[in-house]
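Biologist: I should like to learn how to read a structure of this kind. May we take it feature by feature?

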Amino acid sequence: MRIKLTQPSELKESQVTDEAIYRDRRRLLKQMGFMGAGALLASAQARAINLFGEDKPDFQTRSLEYQAANQTEQVLTPETKVISHNNFYEFGTDKTDPRDNAQDFQVQPWKLRIDGLVEQPINLDYDDLFKAAPLEERIYRLRCVEAWSMVIPWVGFELATLLKKAKPLSSARYVAFETLYDPKQMPGQNNPFMGGGIDYPYVEGLRLDEAMHPLTILSVGLYGKTLPPQNGAPIRLVVPWKYGFKSIKSIVRIRLTDKQPPTTWNQLAANEYGFYANVNPNVDHPRWSQARERRITKGGLFADNRIDTQLFNGYDEVAPLYSGMDLKRHY
Amino acid sequence: MSLRIRFSHWQIVLLKGLIHLLCLGWATLVYWRAASDQLGGDPVEAVLHFTGISAFNLLLLSLTMSPLAKMFKQGQFIRFRRLLGLYAFFYAFLHLASFILFELQLEWRMLLAEIIERPYITVGMAAWLILLALTLTSTQAAQRKMVRRWQSLHNWIYPAAALVALHYIWSVKSDIVQPLIYIAMLAILLGFRKDKLLRPVKRRYRALTSSD
């Protein structure tokens, strides 16, 4: 039993998690998952070793220069939650796995290539990612297909800026994205016990007009700093009107094509995850409702945070992209 | 050479006390942390996963007692079975209560729709109701009163365990490894009882062949 003495001045910060407790929770969660199940230990062993190990130092992020966003009335999801609650199966399928397993991920050197049906293929090195266009802050809602959501201040630039530099050919109709494939660094990629049965590398895609929409950004940071690995360092896509799995992380390749590219979750379960994956409260996931969502902000179990999900996640300006389309069929 | 374990009265009291302490203490700790926002990004999800997996763990543990008793020729193991079973329901109760209170936040119409429309929730609910029935009839008085029907009612623990396994594997997105490990463990535990489980099948088969 640990007893922690606090200064009176700290009491006001009751909503802020003490870092020591916060770190300890990982150990706690791992222990309780296997509570009492002596028979279980095959998969527990790797974790059990961790119980006695020290946590590795966190990945080093740095501050970015950018044009700040206008004030918003939306309550932001606290940074600690944005960087500790992630789906990034390359590092494990639990929400806390990416934070636990990705801290020594190497982002330098990095190569991002834009090619395919373009006049001018582009290669970007790590430093180029931050100079490809002036950086600006965008505060976006992120709605996960699992029916929770966050509000995140991203730092990045419009994908259109980069695509225009590459000069898409008139035959280009789709954009295909690919995550780094590096099983040494991303242990889930060749370990079926960790990676959730996905065929790696993770791939995603957009229609060209979706990719060119001014809301679609490539993000290189959040909360004013470079991205931590669990959020998709060094560069990721953010498409705020689509479910989170469309916003592919740690991108190494962007390819313009004339055919609809394959996308990871669609390949895995086509009846559950479509190519479009627009946020839509009227089209349920076959196994759960999409009508409402739990907004993750400050506050614990008793936070009253259940809200209605909005069509296109509330970004009505994208509706013209889909005029005349049956969104129930093209989910 | 045979292994023999023998618990003294006090050891049994102590072990039972330990089960109480662990089961109640752990739940208290987790709910306290969740309530004070110290359980990661999404305390609701964390609590749902914790209570769900704990209920399954305890259910499997309760099913381990009679094979252990046979293996060690020691009937005392059976004395822990009811306690573990009751705590399995305790966690299942917390699981459903948390789903209603914190996930659905008391949208009763939604609960009804979810139970009807979502197969994995239907299955989970069915398992929950079986466990409820077993809990309500877990007293010695009920056992005496129901005589033989008590045993046939409590054999429903096996279909309940299967439904729990189905509920678990059905609820995950794609990471089925851990649910498969649980299913394998359940299969082993049911394997110890294959004679008992196959008895009704055999009886029917015999009835069919003898009526020729």
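Biologist: In which helix of chain B is the place of L21(B)?

Modeller: Helices (H or I, at least four residues) and strands (E, at least two) are DSSP runs, numbered from the N terminus. L21(B) has its place in helix α1 (residues 9-35) of chain B. Please note that this is a predicted model, in which local features need pLDDT of at least 70 and side-chain atom pairs count only at pLDDT 80 or more, while totals for chains, interfaces and linings use all residues. Residues are numbered from 1 along each chain as its sequence is written, chains are lettered from A and ligands numbered from 1 in the order in which they are written, and side-chain values use heavy atoms, with hydrogens and water left out.

Biologist: Is L21(B) buried or exposed?

Modeller: Buried means under 20% relative accessible area, exposed over 50%, and partly exposed in between (1.4 Å probe, protein chains only). L21(B) is exposed, because its relative accessible area is 62%.

Biologist: How does one check the span of helix α3 of chain B?

Modeller: The expected span of a helix is 1.5 Å times one less than its number of residues. Helix α3 (residues 81-103) of chain B has 23 residues and should therefore span 33 Å; its end C-alpha atoms are 31 Å apart, which agrees. After α3(B) comes Q105(B), with a positive phi near 45 degrees.

Biologist: What does the secondary structure of chain B come to?

Modeller: Chain B has 10 helices and zero strands. Its C-alpha atoms fill a box of roughly 60 × 55 × 40 Å along the principal axes. Of the 212 residues in chain B, 48% are buried. Among contacts in chain B between residues at least 6 apart in sequence, 67% join residues at least 24 apart.

Conventions
Contact = heavy atoms within 4.5 Å.
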